[in-house]
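Open the model in your viewer and keep the sequence panel beside it. This tour tells you what to select at each stop and what you will find there.

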Amino acid sequence: MNEIPAVRQWRVPAALPAVKLAGAVLLAALGLLFADGDPVRLVVAVLAAAALAGWAVRDLVAPVRLAVDPAGLTVIHGFAGRRLLPWSAVEEIAVDRRPRLGLTSETLEIDAGDSLHLFGRYDLGATPEEVAAALRAARPTSTG
């Protein structure tokens, strides 16, 4: 019989938002440095910096991307919301591997019928394969 831990969570690594914010500052500084009076270059750099900063803010506001408990899976929904997927709604938990630029990327896929939830290594703070194994082990056998 499976013993399900009360709650297990996977979150964005703590250093990642800081790296993104530093990158945003660097982009803005480079935009100012290399704009050379061209407003288009400056606007593009500032927009890219703002997008990166927004991504970092999401990591700070909602660091937990995925959680599992006896009721099911809680996934991030929208910018920082949460959505509970009951075990009965979870059709498949899989890891998609794709070669890109000489490297292999892995993505955790949670198929809930009407929605597909995708998580990468930097969303989870662990490899998608490790998380998929933990989710499969936590899934009640009566619904699987």
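Select Trp10 and Leu66. Trp10 stands opposite Leu66, a residue of strand E2. Keep in mind that this is a predicted model.

**Stop 1: the sheet**

Now show strands E1 and E2 whole. They run antiparallel, and four bridges join them. Strands of a sheet pair through backbone hydrogen bonds, either parallel or antiparallel.

In what order do the four strands of the open sheet lie? The order is E1-E2-E3-E4, and the pairing is antiparallel. Look at the edges next. Strand E1 (8-11) and strand E4 (81-86) stand there, each with a single partner strand, so one side of each has no neighbour in the sheet. Turn the view to see the twist, which averages 20° from one strand to the next.

**Stop 2: the hairpin**

Select residues 64-69, strand E2, and residues 72-77, strand E3. These two strands pair in the antiparallel sense over four bridges. Together E2 and E3 form a hairpin, with two residues between them. Pick out two facing pairs. Ala67 stands opposite Thr74 in E3. Val68 has Leu73 of E3 as its bridge partner.

Is E2 mostly covered or mostly exposed? Strand E2 is mostly covered: six of its six residues are buried.

**Stop 3: two helices**

Two packed helices are described by the angle between their axes and the distance between the axes. Select helix H1 (residues 15-34) and helix H2 (residues 39-61). Their axes come within 8 Å and cross at roughly 170°. An angle over 145 degrees counts as roughly antiparallel, so H1 and H2 are roughly antiparallel to each other.

Show the side chains in the contact. On the H1 side they include Leu16, Leu21, Leu27 and Phe34. On the H2 side, Leu42, Leu52, Trp55 and Leu60 are among them. How many residues of this contact are nonpolar, polar and charged? The contact of H1 with H2 divides into 17 nonpolar, two polar and three charged residues.

**Stop 4: charged pairs**

Side chains of opposite charge can pair when their charged atoms come close. The count for this model comes to eight salt bridges. Visit three of them.

Start with Lys20 and Asp59. Their side chains meet in a salt bridge at 2.5 Å, N to O. Lys20 lies in helix H1 and Asp59 in helix H2, so the pair ties together parts that are 39 residues apart in sequence. Are these two residues buried or exposed? Lys20 is buried, because its relative accessible area is 8%, under the 20% cut-off. Asp59 also counts as buried, at 3% relative accessibility.

Move to Asp123 and Arg65. Their salt bridge spans 3.7 Å, N to O. Asp123 lies in helix H3 (residues 121-124) and Arg65 in strand E2, so this pair ties together parts that are 58 residues apart in sequence. Asp123 is partly exposed, with a relative accessible area of 24%, whereas Arg65 is buried at 2%.

Now select Lys20, Asp59, Arg65 and Asp123 together. These four are linked in a network of salt bridges.

Finish with Glu106 and Arg97. Their side chains meet in a salt bridge at 3.0 Å, N to O. Glu106 counts as partly exposed at 25% relative accessibility. Arg97 is partly exposed too, with a relative accessible area of 43%.

Technical notes:
Residues are numbered from 1 along each chain as its sequence is written. This is a predicted model: local features need pLDDT of at least 70, side-chain atom pairs count only at pLDDT 80 or more; totals for chains, interfaces and linings use all residues. Side-chain values use heavy atoms; hydrogens and water are left out. Axes are lines fitted to C-alpha atoms, for helices over the stretch in contact, and angles run from 0 to 180 degrees between N-to-C directions. Angles under 35 degrees count as roughly parallel, over 145 as roughly antiparallel, 65 to 115 as roughly perpendicular and the rest as oblique. Contact means heavy atoms within 4.5 Å. Ala, Val, Leu, Ile, Met, Phe, Trp, Tyr, Cys and Pro count as nonpolar, Asp, Glu, Lys and Arg as charged, and the others, Gly among them, as polar. Two strands pair if DSSP finds at least two bridges between them. Buried means under 20% relative accessible area, exposed over 50%, partly exposed in between (1.4 Å probe, protein chains only).
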